Amino acid sequence: IILIGHSFGWLSLLYSDLKHVSKLVLWDSSIGWEELLWDVYEDDQWKYIDRWDQYKRYISDTLYEDFCIDPIDNIQQLKSLKLPIIIIAAEEGLQDPALLYAESIHQKAFIIAWADHIFSDDNHKKELFDITMKNL
């Protein structure tokens, strides 16, 4: 079983039962603390809301507290995994976190030039697919 996590999706993978997983692929993985602390506020219902764009997305307390407050634990958890991890980042997206993660596990990160966080250009989608398939 190979699992792919995009953006914050890698956290779901990181804290899952991975005993039957043979490889992880991380697509433009978010780092969390600074970017989320900057982009999140509490509303009058004491919910965390991502204000990154025009959409109102609630963020769970667990995601906010675990990922934003103490991200070092996430890097330690990543380092403890005993399976291959492929890291692919968008140059115009979250390249810095990808490089940090790759460095922490002594792996190369693949950077897709000019790609945005959601790989919206068809050529970037193809390159993401090709890199992913080639490294499975």
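Begin by selecting helix α6, residues 122-134, in this predicted model. Helix α6 lies across β1, β2, β6 and β7, and runs at about 160° to β7.

Next, display those strands together. They form an open sheet of 4 strands in the order β1-β2-β6-β7, with parallel pairing. The edge strands are β1 and β7 (109-112), each of which pairs on one side only. From one strand to the next, the twist averages 15°.

Now turn to the individual strand pairs. Select strand β1 (residues 2-6) and strand β2 (residues 23-27): the two run parallel and are joined by 5 bridges. Within this pairing, L3 has L24 of β2 as its bridge partner. To follow the chain from β1 to β2, trace it through helix α1 (residues 9-14); this β-α-β crossover is right-handed.

Proceed to strand β6 (residues 85-90), which pairs with β2 in the parallel sense over 4 bridges. Here W27 has I88 of β6 as its bridge partner.

Finally, select W10 and Y101. How many aromatic pairs does a search of the whole structure find? The search finds 1. W10 and Y101 form this tilted pair, with 4.7 Å centre to centre and 50° between the planes. The pair links distant parts of the chain, as W10 belongs to helix α1 and Y101 to helix α5 (residues 95-104), 91 residues apart. Are these residues buried or exposed? W10 counts as buried because its relative accessibility is 1%, and Y101 is likewise buried, with a relative accessible area of 1%.

Notes. Residues are numbered from 1 along each chain as its sequence is written. This is a predicted model: local features need pLDDT of at least 70, side-chain atom pairs count only at pLDDT 80 or more; totals for chains, interfaces and linings use all residues. Side-chain values use heavy atoms; hydrogens and water are left out. Two strands pair if DSSP finds at least two bridges between them. A crossover is right-handed if, with the strands pointing away from the viewer, the path from the first strand over the helix to the second runs clockwise. Rings of Phe, Tyr and Trp (its six-membered ring) pair if their centres lie within 6.5 Å; planes under 30 degrees apart count as stacked, over 60 as edge-to-face and the rest as tilted. Buried means under 20% relative accessible area, exposed over 50%, partly exposed in between (1.4 Å probe, protein chains only). Axes are lines fitted to C-alpha atoms, for helices over the stretch in contact, and angles run from 0 to 180 degrees between N-to-C directions. Contact means heavy atoms within 4.5 Å.
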